[in-house]
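Subject: Structure handover and notes

Dear colleague,

I am passing on the structure below, together with notes on what was found in it. Please read the notes with the structure open beside them.

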Amino acid sequence: MALRDAVMAALLEGEASGYDLAKGFDASVANFWAATPQQLYRELDRMEQQGLVTARVIRQERRPDKRLFSLTAAGHAALRAYTAEPIGRPTAIRDGLLVKVQCADVGDIAAVRADISEHMEWARAKLSRYERLRDRLLEGRTEDEYLAHAERVGPYLTLLRGIAFEEENLRWGETALRVLAARTAAAAP
């Protein structure tokens, strides 16, 4: 998957400025794809040149003009083609924390435990954000009601994956902290 595909997926929610898209990227696709605002702006420019998005300019007083992007017919066709392509092998985990944990036995276990705790705080914050997003999507409906009547279910399904991922990060973190604490206690004189 390319950033282009993630941007087009985010634009399925509707017209957005680069700023709004960068801000909203956190809410719409950040649970499975990350990008900096600079990467998003560069990609939007490329996509506009390729005819995948169009931009309209909104004149603003006391601020720079704003460009609002939307998918073109070619952008929709590119997304349809993308969904038909095989993805291939699952993405491998590349996580510096796991490298630290791998060698914790010969390193500073207290520092590794602190890093795990910090990552767990980030996971809790993301989980809280995802839960608020789920509440907004459901708008008081049950999950079954939402899925039966929603125009699009993809955003909800990817949100569920993000929630499950962060819940698993927390479960693993609790286990890792418990094991490393026991290891430290056993090594104490």
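R67 forms a salt bridge with D45, with 3.1 Å between the closest N and O atoms; a salt bridge here is a side-chain nitrogen of Lys or Arg within 4 Å of a carboxyl oxygen of Asp or Glu. This pair links distant parts of the chain, since R67 lies in strand β3 and D45 in helix α3, 22 residues apart. Helices (H or I, at least four residues) and strands (E, at least two) are DSSP runs, numbered from the N terminus. R67 is partly exposed at a relative accessible area of 32%, and D45 is partly exposed as well, at 36%; buried means under 20% relative accessible area, exposed over 50%, and partly exposed in between, with a 1.4 Å probe and protein chains only.

Before going further, please note that this is a predicted model, in which local features need pLDDT of at least 70 and side-chain atom pairs count only at pLDDT 80 or more, while totals for chains, interfaces and linings use all residues. Residues are numbered from 1 along each chain as its sequence is written, and side-chain values use heavy atoms, with hydrogens and water left out.

Salt bridges

The structure holds 14 salt bridges. In helix α3, E43 and R46 lie three residues apart, about one turn of the helix, and form a salt bridge whose closest N and O atoms are 2.8 Å apart. E43 counts as buried, at 9% relative accessibility, whereas R46 is partly exposed, with a relative accessible area of 39%.

R134 counts as partly exposed because its relative accessibility is 21%, and E131 is partly exposed at 24%. Salt bridges that share partners also join D45, E48 and R67 into one network.

R134 itself belongs to helix α6, residues 109-138. Not counting residues up to four places away in sequence, R134 touches Y156, L159, L160 and I163, where contact means heavy atoms within 4.5 Å. R134 and H119 are 15 residues apart in sequence and 22 Å apart in space, C-alpha to C-alpha.

Overall form

The protein has eight helices and three strands, which follow the pattern α-β-α-α-β-β-α-α-α-α-α when read along the sequence. Its radius of gyration is 21 Å, well over the 16 Å that the globule rule gives for 189 residues, so the protein is more spread out than a compact globule; the radius is taken over C-alpha atoms, and the rule is 2.2 Å times the number of residues to the power 0.38. Along its principal axes the C-alpha trace spans about 70 × 40 × 40 Å. Of the 189 residues, 28% count as buried, and residues 24 or more positions apart account for 58% of the contacts with a separation of 6 or more.

Nonpolar cores

A nonpolar core is a set of buried Ala, Val, Leu, Ile, Met, Phe, Trp, Tyr and Cys residues joined through side-chain atoms within 4.5 Å. The largest one has 17 residues, of which V7, M8, L11 and L21 touch the most other members. The elements that give two or more residues to this core are α1 (3-11), α2 (18-28), α3 (37-49), β3 (66-71) and α4 (73-84), and α1 supplies the largest share, five residues. A second, separate core of 16 residues includes A123, I163, L170 and A176.

Helix α1 also holds D5, which is buried, with a relative accessible area of 7%. Apart from residues up to four places away in sequence, D5 touches L79 and Y82.

W172 and its surroundings

W172 is found in helix α8, residues 154-187, and counts as partly exposed at 31% relative accessibility. Leaving aside its neighbours within four places in sequence, W172 is in contact with L97, L98, V101 and I116. L98, in helix α5 (residues 96-102), is likewise partly exposed, with a relative accessible area of 34%. The C-alpha atoms of W172 and Y146, 26 residues apart along the chain, are separated by 31 Å.

With best regards
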